[in-house]
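Dear colleague,

Here is the structure for your files. My notes on it follow below.

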Amino acid sequence: MRRPRASDLAAQADDGTSTAKIAAGLLADAATTIILRQAPDQLRAAATHFGLTEPEVRVVGQLARGRALWHIGGRSALVQHLLAPSEVDLSDTDARMHGRSEAA
């Protein structure tokens, strides 16, 4: 399973359609956005879709696993996401791909 990309937002509808405009509006209206590491070819799309500054673009391109850039209102914060032991299996989206069984 591949990681979601910023360009996926534009892929859901043809440019200029009402569906594309609604999707862009919903994203613009979000009070909180959580942006995980983006691949180099996705950084421009992320900057456009999420309104990232140049320093934020550089950070988003280098985030380690478990870290994210959060936009809350008009502020930004780098956040380290921590999991409790009971949450590890719940959040392991790659378990089936790697042949690990699901939690009972």
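Is Arg44 buried, partly exposed or exposed? Arg44 is partly exposed, because its relative accessibility is 49% (buried means under 20% relative accessible area, exposed over 50%, partly exposed in between, with a 1.4 Å probe and protein chains only).

Before the rest, some ground rules. This is a predicted model, in which local features need pLDDT of at least 70 and side-chain atom pairs count only at pLDDT 80 or more, while totals for chains, interfaces and linings use all residues. Residues are numbered from 1 along each chain as its sequence is written, and side-chain values use heavy atoms, with hydrogens and water left out.

Overall make-up

The protein chain has 5 helices and 3 strands. Helices (H or I, at least four residues) and strands (E, at least two) are DSSP runs, numbered from the N terminus. In that direction the elements run α-α-β-α-α-β-β-α. The chain has 104 residues, of which 21% count as buried. Of the contacts between residues at least 6 apart in sequence, 43% join residues at least 24 apart, where contact means heavy atoms within 4.5 Å.

The salt bridge

Arg44 forms a salt bridge with Glu54, and their closest N and O atoms are 3.3 Å apart. The term covers a side-chain nitrogen of Lys or Arg within 4 Å of a carboxyl oxygen of Asp or Glu, and by this rule the count comes to 1. The pair links distant parts of the chain, with Arg44 in helix α3 and Glu54 in helix α4, 10 residues apart. Glu54 has a relative accessible area of 43% and is therefore partly exposed.

The sheet

The 3 strands form an open sheet in the order β1-β2-β3, with antiparallel pairing. Two strands pair if DSSP finds at least two bridges between them. β1 (32-35) and β3 (75-80) are at the edges and have a single partner strand each, so one side of each is left without a neighbour in the sheet. From one strand to the next, the twist averages 25° (axes are lines fitted to C-alpha atoms, for helices over the stretch in contact; angles run from 0 to 180 degrees between N-to-C directions).

β1 pairs with β2 (residues 67-72) over 4 bridges, in the antiparallel sense. Across this pairing, Thr33 is opposite His71 in β2, and Ile34 is opposite Trp70 in β2. β2 and β3 also run antiparallel and are joined by 6 bridges. Ile72 has Arg75 in β3 as its bridge partner. The two strands make a hairpin with 2 residues between them, and Gly73 in the turn has a positive phi of about 60°.

The nonpolar core

The largest nonpolar core has 10 residues: Ile35, Leu43, Ala46, Ala47, Phe50, Leu52, Val57, Val60, Leu63 and Leu69. α3 (43-50) and α4 (54-60) each supply at least two residues of this core, and the largest share, 4 residues, comes from α3. A nonpolar core here is a set of buried Ala, Val, Leu, Ile, Met, Phe, Trp, Tyr and Cys residues joined through side-chain atoms within 4.5 Å. In soluble globular proteins, nonpolar side chains tend to be buried together.

Two loop residues

Leu63 is in the loop between α4 and β2. With a relative accessible area of 7%, Leu63 is buried. Leaving out residues up to four places away in sequence, Leu63 touches Ile35, Leu36, Arg37, Ala68, Leu69 and Leu78. Leu36 is 27 residues from Leu63 along the chain, and their C-alpha atoms are separated by 7.0 Å.

Gln42 lies in the loop between β1 and α3. Its relative accessibility is 5%, so Gln42 counts as buried. Gln42 and Val57 are 15 residues apart in sequence, and 10.0 Å apart in space from C-alpha to C-alpha.

Regards
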